[in-house]
Amino acid sequence: MEVTLTVNGVEHRADVEPRLLLSDFLRHGLELTGTHVGCEHGVCGACTVLMDGAAVRSCLVFAVQADGCELATVEGLAPGGDELHPIQDAFREAHGLQCGFCTPGILMTLVPFLRENPDPSEAEVRAALSGNLCRCTGYQNIVAATRLAASKLREVEV
Amino acid sequence: MGAHPHVGAGVLRNEDPQLLTGRAIFVDDVHLAGTLHAAFLRSDFAHGRLLSVDTSAAKRREGVIAVYTAEDLGDYWCHGPLLVPPPPIAGLTFNTATLVPLARDRVVHVGEPIAVVVAESRYIAEDALEDIVVDIEPLPVVVGLEEALAPDSPVIHEALGTNVAAHVVQQKGDYEAARGDAHTVVSRKFSYDRGVAGAIENRGILADWNARNEELTVWDTTQAPIPIRNGLAERLGLLQSQVRVVAPFLGGGFGPKMMMFYPEELLIPWISMRLERPVKWIEDRAESFFATTNERLQLHEAELAVDSEGRILGVKDVFLHDSGAYDPYGITVPINTQCTLLGPYRVPNYYSEFTAVFTNKTIVTPVRGAGRQHGVFVMERLLDFAAKELGIDRVEIRKRNFLTPDEFPHDHEILFQDSAPLVYDSGDYLPAMEKAAEMIGYRKFLDEEQPKARAEGRRLGLGIVSYVEGTGIGPYEGARVSVEPSGKVQLATGVGTQGQGHFTTFAQIVADQLGVDVTDVHVVTGDTREFSWGTGTFASRGIVVAGSACHEAAIVVRKRILSVASEALEAAEDDLELADGVVRVKGSDLSISLGELAVRANPLRGAVAAGAEPGLEATSYFGPARGTTASGVHAMIVEIDPETLEVSIQRYVVVHDCGRLVNPVIVDGQIHGGVAHGIGNAFFEELVYDDQGQLLNASFMDYLLPTATDVPHMEVAHVETPSPLNPLGVKGVGEAGAIPVGALYAQALEDALQGAVEIREIPLSPGRLFDLVQDAEADS
Ligand code: FES
Ligand code: FES
């Protein structure tokens, strides 16, 4: 089936099998391998991308369902060059990642969350991240990084 | 800049920009044109005779390139190596049964591979698995440990004639005599179960045989690329120099990514050579529950003999250990249990006996902690029970038994997993306990908070336990440091990396010696083409062993820098200082950059002195005599909902000693992750097998990893007793956090339930707590 979709502002047209997962299409079709796959059954959150602005698990979506959608992946987050997005910056500063495998999914989960919750409490951050598994960090520095990111984003907005 | 501007500082990680932007390359991110994809047909039965495998329909499916079964492997089919032979313990029984690449006439656990399909896409390969017709005659299944040893039990490995994988006795002193002198003896049965490593990245392999250059490149999610390279070369009849194994970024390891060999690891390269195409296999989550090794149950019968003051006279422990279907790791896990049980305590008499047992389940190999949890649980619980019986405070009984600083090095007179005597190098346990008690507010909690909460009908409990961890074992690792003409430093080492921050901590160590910034040290690790010698990242040894090698190599390079600079600047070496990437004559403007010195050290013309080596480069190796002992105390306060028995952690305190801290931020992160893993083990994670050896919860929906709402905020502090066994004074930390959590939960929950139950098992859950409370009520 023919699909046309936009990923990080670039339009892609492809002929895909109806059963092809969006995660596989992004990773292996478009070679956007920043989106990771940890479970393929919707639990770990590593495959989270934005579909028309909302965080979705790309392992639970078929590529054909994304036809006509605007997608955003971790590759599109940083403004380019050596510069990082404020959320990425905060994760580096607060040591919010170890192996980094869960990280892209977490970053993409946080983009809409922090847009809607510019000043979240620790409990709100933990609840927002409860669908993203991380085996390395014990979440503590991820939570700290998220709150740091929120403050950085608030500064940018002002 | 001071003498050590980087080591000891929480510098930002060099690897983060790559990881944060999605540029970092993990195994499944490597795309090669023409790659074929493999999928494995796995046994649905835990035990059975494999009568036939018909792959003809699968081979006919469009897009399928090849299907292989054990028959097709010819000479390549053989049992894998015994990765860790047991230490030379007198009277030891050890029966080896190592893995096979594909099951041939018998399957011994669910998920054991039977056939592999190679196709144009993974989707097609998986379709074709459905086309394969397998005939297995089920055999009686061995699941329970005690049942496995019953005389009428079915035997898994017929050639061995027994399900005993190992039987080991280690002892010091005379336990029975000590028992005779004891004021009190507490004896109990314990069961301690563990689960999966749960790295978020599953395993994967991409092999590319280049028939024109006769070179094999393998990208592998391994913690040990060099041993894999060596083993593959041997098995495939290639020179080591023809094989390159790359462990790029890994999405977590935690133990099971260090195996030799997983069947897939052996087969994918072989297939690539057959088909002369790149072949990739990426494990899926369901497969990982069966096909990736994990850790499991031990059953202990233990007793502790104490005098009237609670001083330990002796410990006796007899236990069974589940090895799973094969035992490629020898006795590594149970011997860790045996050795770690002794903890930070003075134990004059010890009798420890274990029997490792084959069962029809996934293979057990080390997972973060590697059997240490089980031992710590037994010892800490025994101390708790003894304290209660003698009416001694639980912190006090521990303090009375701690080894004191003047008792180091302390020889426990038994052998550790690395075959070296179990000798603690250094430690200071009392201050750690006092600090933890102070941080958690031990006295105030017991005297005020808990009684007040109880009066309000709330169930609050506190736990506080200690443990040691043998870390940083040999044999050795190496590192090569070179200063490039750009002035940047290249650092290559052989260990793989799975999130520990090696790109930063190793760089910190080298940066301090060479007077450069951490960001100017480019670390390459896990690529056998870059560094050819070493073993891998396991047993909390990266920073200790590889870190020390980095340090030694950097010292040699520093000397070379100074000697070349002394000539260039016509100044005595003693008058030179190295900082900010230049060598300067102290108190003058005269200086030369490291880049210029690198060029001078590698001249294009002219003569060099006899015996001179080119470049500012050195390779060093470090092999510690034995492991170094880290330690810690964890404390927590929990509240149990009286209705649901839901447990919430209100405070969590860690006081840890891993010697000198290279990067405190990274160290704390390691501890956080370990604790979270420990919490999972204590309260969320359990591999549930039925009596047919079927795993009933093989998904992240049913097997629960702790989430951000389950893991509390942790307060971490350190005491530092440097290790005398390495030049940096460091001890390992990778596994530490995970080790004492089961023991901690048990004590805290018992406390919250006001002694209504005695907890002698892990894992727990609200449901299990409910049952224990009910049973206790029925009994009383
Ligand atoms: S891979 Fe999609 S949620 Fe785990
Ligand atoms: S950083 Fe490794 S899984 Fe989160």
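A polar contact is a pair of N or O atoms within 3.5 Å; within protein, one atom must be able to donate a hydrogen and the other to accept it, and residues adjacent in sequence count only if both atoms are side-chain atoms. By this rule, 24 residue pairs are in polar contact between chain A and chain B, both residues at pLDDT 80 or more. The model is predicted: local features need pLDDT of at least 70, side-chain atom pairs count only at pLDDT 80 or more, and totals for chains, interfaces and linings use all residues. Residues are numbered from 1 along each chain as its sequence is written, chains are lettered from A and ligands numbered from 1 in the order in which they are written, and side-chain values use heavy atoms, without hydrogens and water.

Chain A contributes 48 residues to the contact with chain B, and chain B contributes 54 (contact means heavy atoms within 4.5 Å). About 4,300 Å² is buried between chain A and chain B, with 58% from carbon and sulfur atoms. Buried area here is the accessible area (1.4 Å probe) that two parts lose on being put together, summed over both. Of the area that chain A buries against chain B, 22% comes from A:Arg92, A:Arg135 and A:Gln140, more than from any other three residues.

Four salt bridges are counted between chain A and chain B. A salt bridge requires a side-chain nitrogen of Lys or Arg within 4 Å of a carboxyl oxygen of Asp or Glu. A:Arg27 pairs with B:Asp28 in a salt bridge, at 3.0 Å from N to O. On the side of chain A that touches chain B, at least two residues each come from α1 (22-29), α2 (86-93), α3 (103-116), α4 (122-128) and α5 (140-157) of chain A. Helices (H or I, at least four residues) and strands (E, at least two) are DSSP runs, numbered from the N terminus. The largest share of this side, four residues, belongs to α2(A).

Within chain B, the domain assignment gives domain 1 (16-23 + 474-622) and domain 2 (408-471 + 628-780); such bounds come from an automatic or database domain assignment. The centres of domain 1 and domain 2 of chain B, taken over C-alpha atoms, are 39 Å apart. Their contact takes 16 residues from domain 1 and 18 residues from domain 2. The two domains of chain B bury about 1,200 Å² between them, 65% of it on carbon and sulfur atoms.

Over all chains, the structure holds 52 salt bridges. One network of salt bridges links B:Arg42, B:Arg122, B:Glu126, B:Arg203, B:Glu264, B:Glu283 and B:Glu287. B:Arg122 and B:Glu126 meet at 2.7 Å, N to O. Both lie in helix α3 (residues 122-129) of chain B, four residues apart, about one turn of the helix. B:Arg122 is buried at 19% relative accessible area, whereas B:Glu126 is partly exposed at 35%. Buried means under 20% relative accessible area, exposed over 50%, and partly exposed in between (1.4 Å probe, protein chains only).

B:Arg203 and B:Glu264 form a salt bridge, with closest N and O atoms 3.1 Å apart. B:Arg203 lies in the loop between β9 (184-192) and β10 (204-210) of chain B and B:Glu264 in helix α7 (residues 263-275) of chain B, so the pair ties together parts 61 residues apart in sequence. Both B:Arg203 and B:Glu264 are buried.
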